[in-house]
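Below is a set of questions and answers on one protein chain. The sequence and the model come first.

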Amino acid sequence: MARYFLHLRDGTEQILDPEGLEFATIEAVRKAVLVSARDLMTGDIREGVIDLRFRIDVEDEGGDIVYTLPFKHAVNIIPEAA
């Protein structure tokens, strides 16, 4: 199992994950990141906000970014019909 750090960033601010989590595969990391992004967005939606500027960057133990999920890719937005 490898340790990965899930950092929340929006281009100007960041919340760094100091402890990280262990995952067996990169696919498991991707699934966890998707769930995390949607959970964070759910809290904002309750407050009447959808902020698509955020992303989660996943770094390995060496500090390399191995996966990035922009919040806009965590949901499907279906616009009104014209």
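Q: Is Glu22 buried, exposed or partly exposed?
A: This is a predicted model, in which local features need pLDDT of at least 70 and side-chain atom pairs count only at pLDDT 80 or more, while totals for chains, interfaces and linings use all residues. Residues are numbered from 1 along each chain as its sequence is written, and side-chain values use heavy atoms, with hydrogens and water left out. Buried means under 20% relative accessible area, exposed over 50%, and partly exposed in between (1.4 Å probe, protein chains only). Glu22 has a relative accessible area of 44%, so the class is partly exposed.

Q: Which side chain makes a polar contact of 3.3 Å with the side chain of Glu22?
A: Glu22 is placed in strand S3; strands (E, at least two residues) and helices (H or I, at least four) are DSSP runs, numbered from the N terminus. Leaving aside neighbours within four places in sequence, Glu22 is in contact (heavy atoms within 4.5 Å) with Met1, Ala2 and Arg3. A polar contact is a pair of N or O atoms within 3.5 Å; within protein, one must be able to donate a hydrogen and the other to accept it, and residues adjacent in sequence count only if both atoms are side-chain atoms. At 3.3 Å, the partner of the Glu22 side chain is that of Arg3.

Q: How many aromatic pairs are there?
A: Rings of Phe, Tyr and Trp (its six-membered ring) pair if their centres lie within 6.5 Å; planes under 30 degrees apart count as stacked, over 60 as edge-to-face and the rest as tilted. By this rule the number of aromatic pairs is 2.

Q: Which residue forms a tilted aromatic pair with Tyr4?
A: The ring centres are 6.3 Å apart and the planes 50° apart in the pair of Tyr4 and Phe23. Tyr4 lies in strand S1 (residues 2-9) and its partner in strand S3 (residues 21-23), so the pair ties together parts that are 19 residues apart in sequence.

Q: How many residues apart in sequence are the parts that the pair of Phe54 and Phe71 ties together?
A: Phe54 and Phe71 form a tilted pair, with 5.9 Å centre to centre and 40° between the planes. Phe54 lies in the loop between helix H1 (26-46) and strand S4 (55-59), and Phe71 in the segment after strand S5 (65-70), so the separation in sequence is 17 residues.

Q: Which residue in S5 stands opposite Ile56?
A: Two strands pair if DSSP finds at least two bridges between them. S4 and S5 pair in the antiparallel sense over 5 bridges and form a hairpin with 5 residues between them, where Gly63 in the turn has a positive phi of about 90°. In this pairing Arg55 stands opposite Pro70, and Ile56 stands opposite Leu69.

Q: Which residue stands opposite Arg9 in S4?
A: S1 and S4 run antiparallel and are joined by 5 bridges. S4 is mostly covered, with 4 of its 5 residues buried. The residue opposite Arg9 is Arg55.

Q: Which side chain is joined to that of Glu59 by a polar contact of 3.4 Å?
A: Glu59 has its place in strand S4 and counts as buried at 16% relative accessibility. Beyond four places in sequence, the residues that Glu59 touches include Arg3, Tyr4, His7 and Asp64. The 3.4 Å polar contact joins the side chain of Glu59 to that of His7.

Q: What is the length of the polar contact between the side chains of Asp51 and Arg53?
A: Asp51 lies in the loop between H1 and S4 and is buried, with a relative accessible area of 17%. Asp51 is also one of the residues that Phe71 touches. The contact of the Asp51 side chain with that of Arg53 is 2.7 Å.
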